[in-house]
Amino acid sequence: MTAAEPGRAGLPPAARRYPRPTKEQLAAAADKLLPDVIAPGLDVLFVGINPGLWSAATGWNFARPGNRFWPALHRGGFTPRQLHPSEQDELPGLGLGITNLVARATARADELTAEELVEGAELLTGKVERYRPRWVAVVGVTAYRIGFARPKAGFGAQPERLGPARLWVLPNPSGLNAHFTPETLGAAFGELRAAASA
């Protein structure tokens with residue numbers, strides 16, 4: 001721990017290695033693109049809405065402290081331990097991947113237009129055709145409803161497919177989503193894990 005990093009001693013080792021992005025780095029991250037974590041034949045491809053500024057600044061998906069994706073992934077049984085966002089490249093070895101419905105980074109998902117979400121759904125369809133995951137899990141029901149023109153869609157397994165893949169909708173793990181606790185998010189991820197393991 002350096003003088004520039006007070007209070008980091010209680011963090012997991014991976015989190016202590018990486019300093020927080022500065023305000024300038026976060027501002028410069030607007031509209032940046034984040035590479036996919038993807039490989040052919042995955043068990044589950046998780047689809048975020050779009051990268052936040054923290055993710056774009058660091059290069060890691062779901063990187064903002066307070067985002068509950070990584071804890072939910074572990075609680076749901078997908079990973080043997082809670083991974084730090086910097087360890088995202090370990091996911092394909094576990095049969096998992098991450099992409100986003102919209103590639104550009106914004107401070108908040110509500111900055112995206114409906115047109116961007118629809119276009120993102122079309123691009124995702126092509127990506128799924130190419131990489132052929134068994135399941136596609138969209139992390140955010142509102143984005144799914146808009147992007148895929150399914151205004152009444154709920155959480156869980158969807159009746160339609162996305163190319164060769166089965167579809168699942170998960171709650172948004174953002175810390176701003178107060179409707180779900182870490183426990184209920186973990187349970188939602190666990191339901192997908194059970195379906196993907198069947």
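Predicted model: local features only at pLDDT ≥ 70, side-chain atom pairs only at ≥ 80, totals over all residues.
Which residue of S2 is the bridge partner of Gly-48? The partner is Asn-100.

Five strands form an open sheet. Their order is S2-S1-S3-S5-S4, and the pairing is mixed. Strand S2 (96–100) and strand S4 (156–162) stand at the edges. Each has a single partner strand, so one side of each is left without a neighbour in the sheet. On average, neighbouring strands are turned by 25° against each other, direction ignored. Strands of a sheet pair through backbone hydrogen bonds, either parallel or antiparallel.

Strand S1, residues 44–48, pairs with two strands named here. With S2 it pairs in the parallel sense over five bridges. With strand S3 (residues 135–139) the sense is again parallel, over four bridges.

Is S1 mostly covered or mostly open? S1 is mostly covered, with five of its five residues buried. Val-44, Phe-46 and Gly-48 point one way, while Leu-45 and Val-47 point the other way.

S2 stands at an edge, yet five of its five residues are buried, so the strand is largely enclosed by the rest of the structure. Leu-96, Ile-98 and Asn-100 point one way from S2. Gly-97 and Thr-99 point the other way.

Helix H7 (residues 182–197) lies across S1, S3 and strand S5 (165–170). H7 runs at about 165° to S5.

The cut-off for buried is under 20% relative accessible area.

| Residue | Location | Relative accessible area |
|---|---|---|
| Ile-98 | strand S2 | 0% |
| Ala-153 | loop between H6 and S4 | 8% |
| Ser-174 | loop between S5 and H7 | 17% |

Ile-98 lies in strand S2. What does Ile-98 touch, leaving out residues up to four places away in sequence? The list is Asp-36, Val-37, Leu-45, Phe-46, Asn-61, Phe-62, Phe-69, Trp-70 and Leu-91. Leu-45 and Phe-46 in that list point opposite ways from S1. Ile-98 and Pro-35 are 63 residues apart in sequence, and their C-alpha atoms are 9.1 Å apart in space.

Ala-153 sits in the loop between H6 and S4. Leaving out residues up to four places away in sequence, Ala-153 touches Val-141, Tyr-144, Arg-145 and Gln-158. Leu-176 is 23 residues from Ala-153 along the chain, and a distance of 21 Å separates their C-alpha atoms.

Ser-174 is in the loop between S5 and H7. With residues up to four places away not counted, Ser-174 touches Gly-66, Asn-67 and Arg-68. Phe-69 is 105 residues from Ser-174 in sequence, but the C-alpha to C-alpha distance is 7.6 Å. Why does Ser-174 count as buried? Its relative accessible area is 17%, and the cut-off is under 20%.

## The largest pocket

Ser-174 leads on to the largest pocket. This pocket has a volume of about 1,000 Å³. Its lining holds 42 residues. Which of them lie nearest the centre? They are Arg-108, Ala-109, Asn-172, Ser-174 and Leu-176.

Several helices contribute. Helix H3 (53–58), helix H5 (114–131) and helix H6 (141–147) each supply at least two residues of the lining. H6 gives the most, with four residues.

What is the make-up of the lining by class? There are 23 nonpolar, 16 polar and three charged residues.

## Putting it together

The sheet runs S2-S1-S3-S5-S4. At one end, S1 and S2 pair in the parallel sense, and every residue of S2 is buried. H7 lies across S1, S3 and S5. The loop between S5 and H7 holds Ser-174, which is among the residues nearest the centre of the largest pocket.

How values were computed:
Residues numbered from 1 in each chain as written. Heavy atoms only, no water. Pairing = 2+ DSSP bridges. Axes fitted to C-alpha atoms, helices over the stretch in contact; angles between N-to-C directions. Contact = heavy atoms within 4.5 Å. 1 Å grid on protein atoms, 1.4 Å probe; cavity = no way out; pocket = protein on both sides within 12 Å on 5 of 7 lines; lining within 4 Å. Points joined across faces, edges and corners; volume = space filled by probe spheres on them. Nonpolar A, V, L, I, M, F, W, Y, C, P; charged D, E, K, R; others polar. Buried < 20%, exposed > 50% of the residue type's maximum accessible area, 1.4 Å probe, protein only.
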